[in-house]
Amino acid sequence: MLDKLTEPFRHEKIKLTEQETDGAPSSKKRAEDWKGTLKRIWKYLSESRGKLFLVLLMIFFSSFFALLGPFIVGVSIDEFIVNQDTTALLWVLGGLALIYIFHSLSVFLQHFWMVRIAQKTVFTIRTQLFNHLHKLPVPFFDKRKHGELMSRLTNDIENISNTLNSSVIQIFASILTLIGTISVMLYLSPLLTLITLTIVPAMVLGMKWITKRTGKLFKAQQSNLGELNGYIQETMSGQRIIKTFSQEEKVIEGFEERNTELRKAGFWAQTISGFIPKLMNMLNNLSFAIIAGVGGIFVLYDMITIGVIVIFAEYARQFTRPLNDLANQFNTLLSAIAGAERVFSIMDEPDEISDEETHGELEEVTGEVTFDDVSFSYEKEENTVTNISFRVQAGESVAFVGPTGAGKTTMISLLSRFYDPDKGALLVDGTDTSTVKRESLRKHMAFVLQDSFLFQGTIRENIRYGRLNASDEEIVEAAKLANAHSFISRLPDGYDTEIDAEGGGISQGQKQLLSIARALLSDPSILVLDEATSSIDTVTELKIQEALERLMKGRTSFVIAHRLNTIQQADQIIVLHQGRMIEKGSHEELLKEGGFYADLYNSQLKKETG
Ligand SMILES: Nc1ncnc2c1ncn2[C@@H]1O[C@H](COP(=O)(O)OP(=O)(O)OP(=O)(O)O)[C@@H](O)[C@H]1O
């Protein structure tokens with residue numbers, strides 16, 4: 001839960017790193033990876049083994065019926081039309097109608113069952129991935145772009161779903177149809193088959209020529225589209241800044257540039273790829289001409305019958321389509337396997353709790369916290385915090401002060417065990433926190449952050465997030481203590497007011513009051529406050545201040561301070577500079593010392609009064 005609560009908190013601190021590039025794996029390794037991925041997909045599919053068997057059976061039937069129709073037509077021409085047997089022809093007509101009804105039925109059933117299998121599979125994968133994501137440690141999220149994770153949860157899984165929906169059927173049906181048509185053709189006339197097949201190399205070469213070109217063009221189109229989308233997103237979220245600096249024209253110019261690039265790439269990609277069906281059509285017509293011409297000569301020499309020409313003409317059309325489909329499906333399949341690989345790679349990330357099975361629970365705590373010679377670095381090269389030692393009595397308040405990048409947030413991340421120290425230990429009530437389950441430590445903590453995070457849902461649900469079993473009365477009580485009750489009551493739907501994920505319709509200050517109510521409800525022993533820096537009107541600020549005082553009463557609290565005038569009451573002020581604790585003491589003591597804090601305080605005071 002706290003992972004979620006601290007999400008915005010983390011966003012600010014995230015130093016985005018590029019997606020790890022794992023070098024260029026050898027083709028042998030790739031093949032092994034694919035085998036592994038396919039095996040894993042099969043594991044999911046095998047749960048629906050029965051239905052899968054039915055799908056394959058239906059594919060077999062539909063391919064069989066598709067081949068049977070033209071065959072019967074061909075045979076009827078030779079047997080009944082030539083002999084003018086009308087009764088038999090009527091029987092054939094009835095038979096053909098039945099065959100095509102069965103064909104449609106088997107096509108419908110194979111799709112019906114395959115879609116069910118696909119939906120069940122991606123449902124399971126989606127659920128497992130989402131559940132696993134929530135067990136992953138904070139460093140995992142710190143190292144990745146949120147867009148990238150979103151794309152795995154949505155696009156990659158969608159890709160798997162689409163491929164399972166259509167490609168599996170198409171691939172099997174194409175292979176069966178190819179084998180079927182060629183076998184029957186070979187049986188009827190090996191020579192005419194060979195002549196008909198001469199068109200295949202032309203088809204393969206043509207496809208290769210086109211896909212080689214379109215591959216690059218589609219990539220360019222995709223990257224231009226990504227660029228344009230990113231630009232739109234950026235300019236939408238930066239609307240206020242753009243307007244304040246009157247940069248609208250420049251933004252529009254930038255958009256036009258990117259839009260033009262996309263148009264150019266899109267034009268060529270679509271034009272050349274649109275040529276594929278035309279080329280296939282042309283080659284189809286050519287094969288028809290060859291069959292009719294050469295077949296006609298064969299008939300004249302009594303080598304085959306007219307019925308065989310009809311069967312060939314129909315079959316030639318049938319086997320060029322699966323060739324085309326196979327080529328198309330292969331690309332879709334590759335991209336789905338790549339997507340599945342990415343999804344599975346997240347599922348394989350070690351979660352936060354797997355190493356904790358033997359760890360104990362942190363039961364009731366008073367809130368005494370000790371940093372015992374703690375050092376830590378993110379990149380394992382240079383320490384972010386170095387040799388930090390201090391002790392906080394239960395119920396005391398501590399303020400972290402220091403310039404930007406000094407390590408204030410890192411201290412909180414260590415306290416919450418989002419990260420573990422490389423050296424030293426953190427103790428709560430004398431227990432080394434690395435020996436207890438993270439969840440049981442975080443249960444005793446609550447966060448009130450400057451960008452309070454609200455979830456999609458009602459105000460009541462958002463407050464209840466602090467303690468899921470809280471009654472409605474307790475929620476109102478917490479809201480009253482947090483000075484939030486009066487503004488909630490003024491809303492038309494009161495506690496049932498829906499707020500969207502961005503907290504739309506609620507001011508920054510009101511959001512803070514709600515997150516104070518949430519923290520009050522969870523009744524933690526240890527509190528983390530990221531002091532608001534954004535400009536909030538004085539009345540709301542006073543309300544927040546008052547609510548915070550109530551919240552902090554009797555709890556150990558850690559405040560990340562940005563404005564020094566609000567932390568003068570803190571029991572201890574810890575001054576950090578480049579990850580080191582350079583000063584420690586109360587406000588008065590530090591002023592008397594006349595060091596870094598005193599300088600910082602005086603310069604801020606001068607700014608505010610001056
Ligand atoms: N996830 C991370 N990965 C790598 N380096 C990080 C990460 N988070 C923070 N840092 C680095 O650690 C140092 C301390 O950062 P931290 O966020 O703790 O400072 P801060 O005092 O809270 O700063 P601010 O007042 O700007 O919030 C900075 O140099 C920062 O660049």
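**Entry 1: domains**

I looked up the domain assignment of the protein chain: domain 1 is 34-188 + 334-351, domain 2 is 190-303 and domain 3 is 369-609. The bounds come from an automatic or database domain assignment. I noted that the C-alpha centres of domain 1 and domain 3 lie 53 Å apart.

This is a predicted model: local features need pLDDT of at least 70, side-chain atom pairs count only at pLDDT 80 or more, and totals for chains, interfaces and linings use all residues. Residues are numbered from 1 along each chain as its sequence is written.

**Entry 2: annotated spans**

I checked the UniProt record, an unreviewed entry. Its "transmembrane region" annotation covers residues 52-77, 89-109, 168-188, 194-211 and 288-313. Such annotations may be inferred rather than shown by experiment, and feature names are shortened.

I then looked at two of these spans. Residues 52-77 are 100% helix and 0% strand, with end C-alpha atoms 38 Å apart. Residues 168-188 are also 100% helix and 0% strand. Here the end C-alpha atoms lie 30 Å apart. Helices (H or I, at least four residues) and strands (E, at least two) are DSSP runs, numbered from the N terminus.

**Entry 3: H4 and H5**

I took helix H4 (residues 49-81) against helix H5 (residues 86-133). They pack at about 160°, and their axes are 8 Å apart. Axes are lines fitted to C-alpha atoms over the stretch in contact, and angles run from 0 to 180 degrees between N-to-C directions. H4 and H5 are therefore roughly antiparallel (an angle over 145 degrees). H4 passes H5 in a left-handed crossing (the near helix is turned anticlockwise from the far one by less than a right angle). I sorted their contact by class: 23 nonpolar, seven polar and two charged residues. Ala, Val, Leu, Ile, Met, Phe, Trp, Tyr, Cys and Pro count as nonpolar, Asp, Glu, Lys and Arg as charged, and the others, Gly among them, as polar.

**Entry 4: H9 and H11**

H9 passes H11 in a left-handed crossing. The H9 contact with H11 has 23 nonpolar, 10 polar and four charged residues.

**Entry 5: ligand shell**

I listed the residues around the ligand. There are 15, and Tyr-378, Thr-404, Lys-408, Thr-409 and Thr-410 come nearest. A residue counts as near if its C-beta atom, placed from the backbone, lies within 6 Å. Helix H13 (residues 408-415) gives the most to this shell, with three residues. By class, I found three nonpolar, seven polar and five charged residues around the ligand.

Key. Angles under 35 degrees count as roughly parallel, over 145 as roughly antiparallel, 65 to 115 as roughly perpendicular and the rest as oblique.
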